[in-house]
Amino acid sequence: MAESHLQSSLITASQFFEIWLHFDADGSGYLEGKELQNLILELQQARKKAGLLAHVLPTEENFLLLFRCQQLKSCEEFMKTWRKYDTDHSGFIETEELKNFLKDLLEKANKTVDDTKLAEYTDLMLKLFDSNNDGKLELTEMARLLPVQENFLLKFQGVKMCGKEFNKAFELYDQDGNGYIDENELDALLKDLCEKNKQDLDINNIPTYKKSIMALSDGGKLYRTDLALILCAGDN
């Protein structure tokens, strides 16, 4: 079924999802290595030219490409976008927040869609990126939209702490005990993390890490719940 869709000049959002599931064999949310090679080969055979998956969508339905072009100029921009649409600071983008995100994104591209189509796009985004099927997107799930080379969150997966360890670390680096971490305190935390996790983190990239993480802050104040999105793996 997926192969037949590739022969069409334009495909729908639901057909796009079928193609994605077909080629994302390990369900990682990325097409890479053999998966990407298989897709390109299929495109070469079916449409006589290679291309990326997002490009087979018609322009009015290609909101994934729009997001990358307009919102993902850097990891910092991604974090700012997350903060804007996670309006209740829950640590998730829920269905209504996701609808607002897609609506605003399409409007920026001078595209207008009706409520039915917007609901379809919202459902598709959840199917593509909601890896634990809880009906909402976590920061790490939404970050799958980032190009791999921009996705610094992947590097922090290996250094995440349990809830108890994270709370202890937060209190240690919140040196003045005011309930938030400022830029200087974050700098100290990141330096220590890089020293302890040299295989995962590059100390030379601290300015980039810091800039991206501080994009989650509230006027330069990085609260516990914000930093937990990056460094906390759970409650245990």
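This is a predicted model: local features need pLDDT of at least 70, side-chain atom pairs count only at pLDDT 80 or more; totals for chains, interfaces and linings use all residues.

Visitor: How much space lies in the second largest pocket?

Guide: About 390 Å³ of space lies in the second largest pocket, and its lining is made up of 21 residues, with G91, E138, A228, L229 and C232 nearest the centre.

Visitor: And which helices supply at least two residues each of that lining?

Guide: Those are α8 (139-142), α10 (163-173) and α13 (224-231), with α13 giving the largest share, 4 residues.

Visitor: What is the lining like by class?

Guide: The lining of the second largest pocket has 7 nonpolar, 8 polar and 6 charged residues.

Visitor: Switching to α10, which of its residues are buried?

Guide: In α10 the buried residues are G163, F166, A169, F170 and Y173. Looking down the axis of α10, these buried residues fall within an arc of 125 degrees, so they line one face of the helix.

Visitor: What do the buried residues of α10 pack against, then?

Guide: They pack against β3 (180-181), α11 (183-196), β4 (222-223) and α13, while the face of α10 turned away from the buried side carries K164, K168, E171 and L172, which are exposed.

Visitor: One more: is S212 buried or exposed?

Guide: S212, which is found in helix α12 (residues 206-214), has a relative accessible area of 3%, and because buried means under 20%, S212 counts as buried.

Visitor: Which residues does S212 touch?

Guide: Leaving aside residues up to four places away in sequence, S212 touches C75, E76, M79 and F152.

Notes:
Residues are numbered from 1 along each chain as its sequence is written. Side-chain values use heavy atoms; hydrogens and water are left out. On a 1 Å grid over the protein atoms alone, a cavity is a set of points where a 1.4 Å probe fits but cannot get out, and a pocket is an open set with protein on both sides within 12 Å along at least five of seven lines; lining residues have an atom within 4 Å of a point. Grid points are joined across faces, edges and corners, and a volume is the space filled by probe spheres set on the points. Ala, Val, Leu, Ile, Met, Phe, Trp, Tyr, Cys and Pro count as nonpolar, Asp, Glu, Lys and Arg as charged, and the others, Gly among them, as polar. Buried means under 20% relative accessible area, exposed over 50%, partly exposed in between (1.4 Å probe, protein chains only). The arc is that of the directions from the helix axis to the C-beta atoms. Contact means heavy atoms within 4.5 Å.
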